[in-house]
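This briefing sets out selected features of the structure shown below, grouped by topic for computational work.

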Amino acid sequence: MKKLFYLFLCITMVVNTAGFAQSVQFKKYDIKKQRLLIKMTGVYIYSISQGNIDIDSAMVLACSTNKVPLALSYDEDFNYGPSFPGSEMIDNHKIAEAKGIIKKSSGIDQIRLLLKLGSYYIFKPGNNQKDLQQALPFIKQAIKISKTEGKLKWQQQSTILLAIYYFQSGNVLQCQKLLAQNVQIARRQSDKNILAFALENQATYLLDTDPEKEKILQEAQSLYKILGEKTKEIEMLTKLVSLHFWSGNLQLAKEGSIDAYSFLKKINFKHTHYIASTIAFIDIYEKNQKEALQYALDGVKTMEETEDFGMADNFYLRLAAIYNQLGYVKESLVLYKKSIDIGQKFSIGKSWYKSFLSYCSGLTQLGRYKEALDYLEKTTKQYPPDNLFDKILIANTAAACYQNLNDVKNVERNYKIIDQYSSQITSPQTALDISKIYAEMALFYASIGQKVKAEQYQQKVLQTTSKYKISFNYPIFQLAEFKIDSLSGDYVSAIKKYQKFKFSNDSITNNSKRKEIEELRFKFETTQKEQNIKTLQVQTSLQKSRLEKSELKNKLSIGLLLLSLIILGLLYKFYKVKLKSHTKLQIKEREINLKNQNLQHLLNEKEWLMKEIHHRVKNNLQTVISLLNSQSEYVNDDLALSTIKSSQHRIHAMSLIHQKLYMHENISTINISQYINELIDYLKDAFHLKQQINFKIAIESLDLDVAQAIPLGLIINEAVTNSIKYAFPDQQHGNISISLSSCNDRQYLLTIQDNGIGISAENQKKNNSFGMTLMQGLSQDLEGVFSIRNSNGTLLQLYVDKTILDKEKLSDVPF
């Protein structure tokens, strides 16, 4: 057996390094078999948790281990056939988007979407009342629409989901009432599928202690059998197995498990290890070591073949328990440790906690009491128990260690912990283990002569097993009863109890069974040897492949190293060339910067000279104006005096331009709008107009060079001067408007107009006056079209082509 054990351990060592994910076999199943696997896994997790989690939480874990959406565990009757709008959004948790298309959907698709949204919140992990409240509006809307559509199937689906809502909210009676009504409605129809589904849900949400639950499940199973729904038939069968198991009817549980096991084989369902493990557990309890070993080994084998490692720790726990029961304590410790290691790394449940406690018990069996206590303390500190049942099991394990150390005080201290919690958690799922613990407590007190306490725990065993209808055939309890009867002096009863104990205990080492077990071991060992040879061949092939890859990697590494050296050499050479080029560039850059500085200096000097020239031109023009002003003091002729004044105005118009150029930073252009406004201000002051004439000036903001500005300024000066002098005789009031604007894409229009007396017919004929000649000549310089006529006064218009200023041609600007 030891040889077999170590061979088996080598074969399965790979599980230590494997996680769990969606296996290849899972992907091969159709949707019905996938759902069956999820349900079987969920029921198994729920069973081994012994009431620590509810069935919905178990389904969450089942979906997690198989990497599928949680919806797969509950949406089979409204998520079939072609996908409906919004389904994938919910699977991907895009709930807001799914809600957004409710109004866009209609009919059955809308009902399916509402049901899936409601289910999303109801079956969401945890027990959040806010989630439940969010589910309710979707369910009610689905009920309303299904009634409007007159679809019985969808009314049933919606009602069932509402019942589940009440169950999750804690209103169990309302849940059961709705489900019972649903069954009654279904019975009045001729659709067996609807009735089977209604019965299935009614049974699911009945307590295991309800006597009607078994009948309802059996009826649902029969209907599914008639309908040919094999996966659903098996699902009902597994639920019946769970019900029989926890109600204490192990014989029916085993028979149902064997039927389910055979059924799964017939439909080519590979994941039989959950059923095999259940059968192994029952056989362990009933001391059927041969069958227990057979199913435990089969469970581990199919678990590995299907790569379903989510509950691997529990399957190794089963096998370890059988080895321990057969007396192979050391070998069982190795398997318990393997279960612990896998469970701590990968398990979706916490069944490894039982393996850890069993490991401590195994150390105690080998007399390593101190080591067992140290390991117990270390592990519980690192992984504290998260439920009362585990606290009870820890206390019982510690008590067993202290009992062997004859430390009665610490034994009783741990027994008090058991008493404190046991009454709070005793249920169909925990009753068997609690009864075993009470039996061990009864034996302890009987062994130290405390008859009263021993009888108290004896009664607790009898009460618990009777209440939960458990067939209790535990050798420890039989030994405890023998000792209690001996203390009471009832030796006849004591002898009977002792004989019963010996019979149960000796059955473990029955020679006939030993022979059968060894035959099974031999067959299994042969199979494992063949598998081991294949495994070694594969490992040899893999090792050879690894060596070849290693040699290739070495060659590639050397090649890459040489290539790296060449690249480094080239990079260094490139760096030196680049450094040399960079040095040359820096020298060249310094030269360019120096030249730029010199050019900037020359440019600054040129600008300064240009400003100085403009300043001097302006001063010279002012000198001319002053000379003309002095000359006018010695002139008595009015015509000559007027001519001098006109010349002064014209010179000032030019002087003003040069003044603005040297005072402004931009020495190449002048803002014509500012210039004209200043020119008009000068003329108003020169003619002492005050408020006699009102000027309206609308000049577009333009920057003109000197060659454009001087002719334009002289024309404006000439026209405005004539209007001031001749348009308004006898100090008449009037208006003069001046505008310069773009009249089209190609031309500017200068307009000067007054509302005076206009030009006389005689003057219109005589257009050879100096002023008129000057304006016409300046217009030609601007390549413009000049016109003057009467139009409610005098109207002067000058059309000038648009030009682009060329700031680089400053040297061509006339002074």
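By the rule applied here, which requires a side-chain nitrogen of Lys or Arg within 4 Å of a carboxyl oxygen of Asp or Glu, the count comes to 18 salt bridges. The model is predicted, so that local features need pLDDT of at least 70 and side-chain atom pairs count only at pLDDT 80 or more, whereas totals for chains, interfaces and linings use all residues. Residues are numbered from 1 along each chain as its sequence is written, and side-chain values use heavy atoms, with hydrogens and water left out.

**Salt bridges**

- Lys39 and Glu235 meet through their side chains in a salt bridge, with an N to O distance of 3.2 Å. The pair links distant parts of the chain, since Lys39 lies in helix α3 (residues 31-49) and Glu235 in helix α13 (residues 230-246), 196 residues apart. Helices here are DSSP runs of H or I with at least four residues, strands are runs of E with at least two, and both are numbered from the N terminus.
- Lys39 has a relative accessible area of 8% and is therefore buried; Glu235 is buried as well, because its relative accessible area is 5%. The classes are buried under 20% relative accessible area, exposed over 50% and partly exposed in between, with a 1.4 Å probe and protein chains only.
- Glu235 also forms a salt bridge with Lys232, the closest N and O atoms being 3.3 Å apart. Both residues lie in helix α13, three residues apart, or about one turn of the helix. Lys232 is buried, given its relative accessible area of 7%.
- A network of salt bridges links Lys39, Glu200, Lys232, Glu235 and Lys239.
- Asp485 and Lys497 form a salt bridge between their side chains at 3.2 Å, N to O. This pair joins distant parts of the chain, with Asp485 in helix α25 (residues 475-488) and Lys497 in helix α26 (residues 491-506), twelve residues apart. Asp485 is buried at a relative accessible area of 11%, whereas Lys497 is partly exposed at 21%.

**Surface patches**

- Lys28, Lys265, Lys270 and Lys301 gather in a patch of positive charge on the surface. Patches consist of residues with over 30% relative accessible area and no salt bridge, like charges being joined within 9 Å and nonpolar side chains (Val, Leu, Ile, Met, Phe, Trp, Tyr) within 5 Å. Lys and Arg count as positive and Asp and Glu as negative, while His and the chain ends are not counted. The place of a charge is taken as NZ of Lys, CZ of Arg, CG of Asp or CD of Glu.
- Lys28 belongs to helix α2 (residues 24-28) and counts as exposed because its relative accessibility is 63%.
- A nonpolar surface patch has about 1,100 Å² of accessible area in total, and its members include Leu552, Leu561 and Leu571. Accessible areas come from the Shrake-Rupley method with a 1.4 Å probe, and for residues only the protein chains shown count as cover.
- Leu561 is located in helix α27 (residues 511-631), and its relative accessibility of 54% places it in the exposed class.

**Helix α15**

- Helix α15 (residues 273-285) has 13 residues that should span 18 Å at 1.5 Å a residue, and its end C-alpha atoms are 18 Å apart, which agrees. The expected span is 1.5 Å times one less than the number of residues.
- Twelve of the 13 residues of α15 are buried, so the helix is mostly covered. Among the buried residues are His273, Ile279, Asp283 and Tyr285.

**Backbone and loops**

- Most residues other than glycine have a negative phi.
- Asn268 has a positive phi, near 60°, and lies in the loop between α14 (250-266) and α15. Asn268 counts as partly exposed because its relative accessibility is 46%.
- Asp730 likewise has a positive phi near 60° and is found in the loop between α30 (706-727) and β4 (734-742). With 73% relative accessibility, Asp730 counts as exposed.
- Gly449 lies in the loop between α23 (431-447) and α24 (451-467) and is partly exposed, with a relative accessible area of 44%. Gly449 and Leu487 are 38 residues apart in sequence and 7.3 Å apart in space, C-alpha to C-alpha.
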